[in-house]
Amino acid sequence: MLRLGFFLALAASASAFAPTSILPRAGARAAKQATTMQLYGEGKLQGATVNAIPKSERPFMLDGTLVGDVGFDPLGFSEIIDLRWLREAELKHGRVCMLAATGMIVQDVYQFPGVTKTFGNLKMTALHDAAVKQGAMQQLLLWLGLLEIFGGVAIVQMLQGGDRQPGDFGFDPLGCAKNPEAFSRRQLVEIKNGRLAMIATSGMLHHYFITGKGPISLFTS
């Protein structure tokens, strides 16, 4: 079950890089809505002055107006797939991995009431397998699947020319978007932390496969 879930997750990730016969090709560069928070040191615009791959030509579609754009696209995906679709996929996987990374760390230092009684001291993928057997993961699959359906409708509307921005589901209970400058900064923070979390989650999973220990217990036991 774990392996099946893993390969399904890979398939879902790969869908973000489907051929252009399936996904609309970007007809123009990213929308000119550059945010003022993309600055380094002396106030240099990130996209205009930073190239992730030195001595290489910056990808045409990545002109620095997209939040977190440093011109990194060695495989040229931005030239064949709509940037809005790519950014939607990046934000979604980043958000999921930020939650996952937090959960992997927390379970090494704290267990919620009732968890030990139900699942014992299982962690990481072992806890996942036990939850699948007991039916807990099936409930998550059902409800998250429904959320994906509604999210898919919003994405299709965006790709067909709607005003929606990638990753925007109108969910802002704390009012983080009220201050445009602060919101711009938070957008950059989110994309950077999401990228880091995707790498961190992969690392924590693989060292669990090798050692059988969580990220904290690996160093404390």
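In the predicted model, the side chains of Asp 69 and Arg 58 meet in a salt bridge at 3.1 Å, N to O; a salt bridge is a side-chain nitrogen of Lys or Arg within 4 Å of a carboxyl oxygen of Asp or Glu. Both residues lie in the loop between helix H2 (46-49) and H3, so the pair ties together parts that are 11 residues apart in sequence. Helices are DSSP runs (H or I, at least four residues), numbered from the N terminus. Asp 69 is buried at 4% relative accessibility, whereas Arg 58 is partly exposed at 22%; buried means under 20% relative accessible area, exposed over 50%, and partly exposed in between (1.4 Å probe, protein chains only). Residues are numbered from 1 along each chain as its sequence is written. Because the model is predicted, local features need pLDDT of at least 70 and side-chain atom pairs count only at pLDDT 80 or more, while totals for chains, interfaces and linings use all residues; side-chain values use heavy atoms, with hydrogens and water left out.

By this rule, the count comes to eight salt bridges. Among them, Arg 164 and Glu 88 meet at 2.9 Å, N to O. This pair links distant parts of the chain, 76 residues apart: Arg 164 is in the loop between helix H6 (136-159) and helix H7 (180-211), and Glu 88 is in helix H3. Arg 164 is buried, with 16% relative accessibility, and Glu 88 is buried, with a relative accessible area of 4%.

A salt bridge also joins the side chains of Asp 108 and Lys 123 (2.8 Å, N to O). Asp 108 is buried, at 15% relative accessible area.

Notes. Helix = DSSP H or I, 4+ residues; strand = E, 2+ residues; numbered from the N terminus.
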